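Have the picture open while you read.

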Amino acid sequence: MSIIVNHLTYRYNEGTPMESVAVDDVSFKIEDGEFIGLIGHTGSGKSTLVQHLNGILKPTSGSVYYDGRDVFDGDFDLKVLRSNVGLVFQYPEHQLFETDVFSDVCFGPKNLGLSKKETELRAYKALKLVGIEDDFFYQSPFDLSGGQKRRVAIAGVLAMEPKVLVLDEPTAGLDPKGRDDLLLSLKQVKEETGCTIVLVSHSMEDVALYADRIIVMNHAKIVYDDTPVNVFRHYDKLKEMGLGVPEITSAMYKLRAAGFDVPTDIITVNDAVDAIMKIMRA
Amino acid sequence: MLRDITLGQYYPAESVIHRLDPRVKLFGTLVFLVSLFITDNFIGYALALCFLATAIIVSKVPLSFIMRGLKAIIFLLIFSVLINLFMTRGEVVVSFWKLSITKEGIYVASFMAIRILFLIMGSSIMTLTTTPNNLTDGLEKGLGFLKIFRVPVHEIAMMMSIALRFIPILMEETDKIMKAQMARGADFESKKLTKRVKSLVPLLIPLFVSAFRRANDLATAMEARCYRGGKGRTKMKPLKYKKRDALAYLIIFAYLAGMILVRRFF
């Protein structure tokens, strides 16, 4: 069920003076079960890129293959693709519309033509996965807090049980706790459903802990596509792009610059503690 | 999908028309629209075409861009042409089944088609070459004399500029919500009418919610900056007539006179 993006280019407002290239000749492959962090500065083209993954945007040139088939072929059923590749947009809480939380989450699976029972079962499971308690099920989605609204909106996509879940800046505008909770639930979703996750973000901290592969975009192009540790080796280049590395990696670089013999390929606080303890004992 | 609507959009370019005072452009557009209704023959339209074509060429807006805006009214156009074509009584040219096309019908239908086309193109030229802010500034100043009659000109202009400013924002928002619901399997292109109308609910409700949220935010932001209406408010770039504006007025009046003459003598 891999997704292959092949030499994809997308231009906005083609043929007008406002024309601009959002994605420029990008190629990569998403394998089953990966947790990919797609990182880039605001305006680097990452949001535009992910909208191609479920066929919402059609590339100006290049192609997207799902399961070996070109998704922009005339006879490819985009509805099937959209049920397999779930896309959670930026500020997904803005798409809520139903009178109560539960019906809103039912919207997706209902559109798939599932039975009422199956629809409700999926909605229930999805809401549980993102940690929404039963008490909220019959409240108006507009009465919830920001973080809860976002969870409900994500559940709305999860309820379609996609094989690939793409989230565009799911943590934007959340407080630190809301952010950590959300990222943790995403990890749980991945563990429980085994789906592939593509997490779009401009924050290194967000993806460093969970992603096992990081794709860095800058000025509409892919600059790095590697494991987190390898990507963070490009400390200076990342800083130039305005992205930087996780705080803790940055701290290790500073320690090293100050003459301490610590490794710089560290991305979690625990590893950092171990490394520092090691040189302190030595 | 929504990007096709060019009515009310601004097309950035460097041209005399772009630099004209918005009051001149508003007046010119008004004169042009009125002139289309003054005319009762094709010679008048030929003159109108000259005026419009000159304006388009001088404005440096590509014709294809203006034409794209006509897509939105294609149904209105076809509808009015068909009605006029078949419903006008007179000398029959062709007839089949219960329908017949008359000589007068062809005349009236083409007349109406040209009128609608010119109306839309004429007003597009104004909006394409004037930024919304400029446009409302022009309106506010141009209609300032109405203040004597206690018409809240400033408030109306402010409402208009806010409305115009929000068109692209809400358009973008619609596009975004539409995509988001499509990602959840919503079908906006269903052939069945009932289904299609129903499919609008997941689009309209979030759109209304966001419009109200934005209105609320904007009101707060305006109050935070001590907005108290038009009284005593000064402008950073006050409108001032220049030589080219006088010249433009001259051309507009000459055109209007021409149109009236054409009606009198042909």
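The points below go from the overall build of chain B to the A/B interface and then to a few local spots.

1. Ground rules. This is a predicted model, so to speak of a local feature we ask for pLDDT of at least 70, and side-chain atom pairs count only at pLDDT 80 or more, while totals for chains, interfaces and linings use all residues. Residues are numbered from 1 along each chain as its sequence is written, chains are lettered from A and ligands numbered from 1 in the order in which they are written, and side-chain values use heavy atoms, with hydrogens and water left out.

2. Chain B overall. Chain B has 11 helices and two strands (DSSP runs numbered from the N terminus: H or I of at least four residues for helices, E of at least two for strands). Going along the sequence, the order is α-α-α-α-α-β-β-α-α-α-α-α-α. The C-alpha trace of chain B spans about 70 × 60 × 40 Å along its principal axes.

3. Inside chain B. Of the 266 residues in chain B, 38% are buried (buried is under 20% relative accessible area, exposed is over 50%, and partly exposed is in between, using a 1.4 Å probe and protein chains only). Take the contacts in chain B with a separation of 6 or more: 76% of them join residues 24 or more positions apart (a contact means heavy atoms within 4.5 Å).

4. The A/B interface. Chain A brings 27 residues to the contact and chain B brings 23 residues. Between them the two chains bury about 2,100 Å², 63% of it on carbon and sulfur atoms (buried area is the accessible area, with a 1.4 Å probe, that two parts lose on being put together, summed over both). On the chain A side, H94(A), Q95(A) and F97(A) lose the most area to chain B, together 25% of what that side buries.

5. R184(B) and D104(A) form a salt bridge, with their closest N and O atoms 2.8 Å apart.

6. The elements giving two or more residues to the side of chain A that touches chain B are α2 (78-84), α3 (101-111) and α5 (146-158) of chain A. Among these, α3(A) gives the most, with five residues. The residues on that side divide into 14 nonpolar, 10 polar and three charged (Ala, Val, Leu, Ile, Met, Phe, Trp, Tyr, Cys and Pro count as nonpolar, Asp, Glu, Lys and Arg as charged, and the others, Gly among them, as polar).

7. A closer look at α3(A). C106(A) sits in this helix and counts as buried at 8% relative accessibility. Setting aside neighbours within four places in sequence, C106(A) touches T119(A), E120(A) and A123(A).

8. Aromatic pairs. Over all chains there are 19 aromatic pairs (rings of Phe, Tyr and Trp, the last by its six-membered ring, with centres within 6.5 Å; planes under 30 degrees apart are stacked, over 60 edge-to-face, the rest tilted). F42(B) and Y107(B) are edge-to-face because their planes are at 90 degrees, with ring centres 5.2 Å apart. F42(B) lies in helix α3 (residues 42-59) of chain B and Y107(B) in α6 (residues 103-129), so the pair ties together parts 65 residues apart in sequence.

9. Y107(B) and F111(B) are stacked, as their planes are at 20 degrees and their centres 6.0 Å apart. Both lie in α6 of chain B, four residues apart, about one turn of the helix. F111(B) is buried at 10%, whereas Y107(B) is partly exposed at 39%. F42(B), Y45(B), Y107(B), F111(B) and F118(B) form one aromatic cluster.

10. Further along chain B. T127(B) is also in α6 of chain B, and its side chain reaches the backbone oxygen of S124(B) at 3.1 Å. In helix α7 (residues 132-142) of chain B, the buried residues are L135(B), T136(B), G138(B) and E140(B). These pack against α2 (22-38), α6 and α8 (153-183) of chain B.

How values were computed: A salt bridge is a side-chain nitrogen of Lys or Arg within 4 Å of a carboxyl oxygen of Asp or Glu. A polar contact is a pair of N or O atoms within 3.5 Å; within protein, one must be able to donate a hydrogen and the other to accept it, and residues adjacent in sequence count only if both atoms are side-chain atoms.
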